[in-house]
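Hi,

Here is the structure I promised to pass on to you. Have a look at it first, and then read my notes below.

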Amino acid sequence: MKAAASRPSVRTLSTKPPYRTSRFVSRTSNAKSSLTADTNGLWLGVSPSPKKPAGSPLAKLPLSSVLRSLLILSVSSSSILLKPCIYTLSALAHPKMAILDVARNPLLNLLVKHTLYKQFNAGENKLEVQRSIGNIKQLGYRGVLLGYAREVLVGESNADPADEKAARQEIQTWLDGTLQTVDMAQEGDFVALKFTGMGVQALSYLQKKSMPSPFMDEAIQQICDLAISRNVRLLVDAEEQAVQPGIEEWATKYQKYCNSRTPGRAVFYNTYQAYLCSTPTTLARHLEISRQEGYTLGVKLVRGAYLNTEPRHLIWSKKEETDACYDGVVEALLTRKYNSMLKSASSEYPTSLPPVNVIIATHNRESVRRAHALRLQQAAEGINTSNVELSYAQLQGMADEISCELLEGFQSAESQEKTTPSPSESPNVFKLLTWGSVKECMGFLLRRAVENTEAVGRTKDSREAMFAELKRRARQAFRAGN
């Protein structure tokens, strides 16, 4: 990636896999794609076991959702259809003709809104968003991770970073939208923050690893104060390495500002990308800062979203190494014990982690299942897990079979271990979705399509799960008719 003069646009993303031996793909139905080396021996007893027949976790989804998912997943899992789809979405996200502008073509707007938009997004206004949140909670989810879709990209803004008036307008636009998002969220939900959404001046500050300007700082503190008053949590999205070190500095500042006011609980979370070789060291350093400053660290762990634009030497050379990093870090966090993957940054505390709140945000079934099995094992052994609040999250419209299976507690598989969770161990499962006009969400939808070029295997698994669910319902209807 070139030095940080501008943010790369999704239009320039390559689809070439940079790993040497395998694509960065979550073949979640394949146990071999999970942790390749046991870091502390803790998970040796919870290896995947055959699933016995049970009711379908996807049975809770409405038929319209199953049909829409099957259609979209069939396209996104096809090497023939996906590239034309990405090309079309790119043209819609950056229209050069009025007929391709979803904001000016009502028929096109209607088509997109009731297909792709409805699959991945919450709505265009507060009423639609809160209806979507209600529908998600009716399915059994604990809540949502809600983000505002509007972005201010360098290549699409005429603002000069040195133009204070223009910069303030961009920051104010971001602030207004984010405050609306916090207002739409319900108690216990999360709101995603994208610092680069504040515009080119914020981007310039982040690239230079400078702390936010007084106007930026005031805007972020307004969001923090509103979130705390509404019992809504905040999480900062990770971005490419051109700006990520600056984001981490800002996140540390506002973690202390928020989390110091809510003892024992994290309100402000930072995102860590497991595909970066530096992530264990960075996380260990942040854990030690939280211990010294006396607040609970909020950790959202993902595999990574900028695989094709990061400098190659910063990323693990094989997908299996990323899996090992992800699962090793999760084990350390959930057990609050440093291990061979996550090593302490302090000689004074070489073994035990400080209190931490964790969001396991992944579409990898084995990572989710292993974490859940570990939690059940801790509950069965009477281990106190109150200092590690755990949540799971997947994108709305993606990996729904994993989310629904987690809602069921992987009961069919775990019952063979003869371990049944108590009500207090019921997993906190969230869905991540965005809101905004169809026009504002086009960039988000384009990124989801580009993301699927690096996860065709996992997308096929999701498509097969939806197809199996549709066949199950058809057989059930046929039997009922007879």
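Predicted model: local features only at pLDDT ≥ 70, side-chain atom pairs only at ≥ 80, totals over all residues.

Residues are numbered from 1 along each chain as its sequence is written, and side-chain values use heavy atoms, with hydrogens and water left out.

Let's start with the salt bridges (a side-chain nitrogen of Lys or Arg within 4 Å of a carboxyl oxygen of Asp or Glu). The structure has 22 of them. One joins Arg 233 to Glu 389, at 2.6 Å from N to O. This pair links distant parts of the chain, 156 residues apart: Arg 233 is in strand β3 and Glu 389 in strand β7 (strands are DSSP runs of E, at least two residues, and helices runs of H or I, at least four, numbered from the N terminus). Arg 233 has 6% relative accessibility and so counts as buried (under 20% relative accessible area; exposed is over 50%, partly exposed in between, with a 1.4 Å probe and protein chains only). Glu 389, at 27%, counts as partly exposed.

Another salt bridge pairs Lys 113 with Glu 128, at 3.1 Å from N to O. Lys 113 lies in helix α3 and Glu 128 in helix α4, so the pair ties together parts 15 residues apart in sequence.

Now for the helices: Arg 365, Val 368 and His 372 in α11 meet Ile 402, Glu 405 and Leu 406 in α12 (contact means heavy atoms within 4.5 Å).

Enjoy exploring!
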